[in-house]
Amino acid sequence: MSKTILITGAASGFGKIAAFDLAQKGHKVIATAQVYPQMSDLIREAKEIGIELTVDKLDVTDPRDRAYIVSKYDIDILISNAGIMQGGPIAEQPLDLIRSMFETNVFGALELAQGFIRKFVAKKAGKIVFTSSMGGLWTVPYVAAYCASKHALEAIAEGLKTELAPFNIKIATCNPGVFGTGFNDRGADSIFRWYNPEVNFTPPSAFDGTAEALANQLDPQSMADCIVDVALDDNSNFRNVHPKETEDFVKQLQAGAWTAKS
């Protein structure tokens, strides 16, 4: 059965791939982008490859955008995918950058979800899939603030899962490993817009492994496939870490956390 699915952060990465794949499967897709130029790019690309979908503007931090989108669309599934990453040592990272991540990754995502949840409650049906991160389950050095925002999103998703179960509303998270969408690269780039080795006490050598860590990122298609599968599966797992190697790694780290020293 065809579903009506709204995806945030669909201008690039997992969101765009998932939006196109779902539209190709015959679902009614509303692909949203943060700014108007991204909308134009999405419309043009969809037309070029013969995909029919609705493209709309949605900055999840903009109350007017959120209110407009919630009032305009009646949907079956919300894929809450929009997110940003600002990197750097959290002991020195400017707080305005950390706040900006929480505004998008946590508060914007939650407020948008709350709007659609009211509609889902009224019809006793609906599903929300949050694009979280492996960083929502453990903390990656030098992107700790980003991980903190995803830890918060994980807690919100778990709370919603339990609280909304009586209303037949399903909640799931998708937790990507290291995929080559450009998201991780831009997060790494963001450090050097404020970091100054002459001012900051963190040595430049702390970032020596960044390029190596990002050198062999995975094809994002498989993660988008995971998001699509989770969204369409009425009996999906709540937590979906992909790939399996990342899931095993996270479980190992979580077990080790119980014996880690301060």
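Predicted model: local features only at pLDDT ≥ 70, side-chain atom pairs only at ≥ 80, totals over all residues.
The strands form an open sheet of seven, in the order β3-β2-β1-β4-β5-β6-β7, and their pairing is parallel. The edge positions are taken by β3 (54-57) and β7 (239-242); each has a single partner strand, so one side of each is left without a neighbour in the sheet. On average, and with direction ignored, neighbouring strands are turned by 20° against each other.

Helix α2 (residues 36-48) lies across β2 (28-33) and β3, and runs at about 170° to β3. Helix α4 (residues 95-123) packs on the sheet through contacts with β1 (4-7), β4 (77-80), β5 (126-131) and β6. The direction of α4 makes about 165° with that of β5.

Helix α4 also packs with helix α3 (residues 63-72), at an angle of about 25° and with the axes 10 Å apart. Because angles under 35 degrees count as roughly parallel, α3 and α4 are therefore roughly parallel to each other. The crossing of α3 past α4 is right-handed. On the α3 side the contact is made by R66, I69, V70 and S71, and on the α4 side by G108, E111, L112, G115, F116 and K119. Sorted by class, the residues of this contact are four nonpolar, three polar and three charged.

Key:
Residues numbered from 1 in each chain as written. Heavy atoms only, no water. Pairing = 2+ DSSP bridges. Helix = DSSP H or I, 4+ residues; strand = E, 2+ residues; numbered from the N terminus. Axes fitted to C-alpha atoms, helices over the stretch in contact; angles between N-to-C directions. Contact = heavy atoms within 4.5 Å. Parallel < 35°, antiparallel > 145°, perpendicular 65-115°, else oblique. Left-handed = near helix turned anticlockwise from the far one by under 90°. Nonpolar A, V, L, I, M, F, W, Y, C, P; charged D, E, K, R; others polar.
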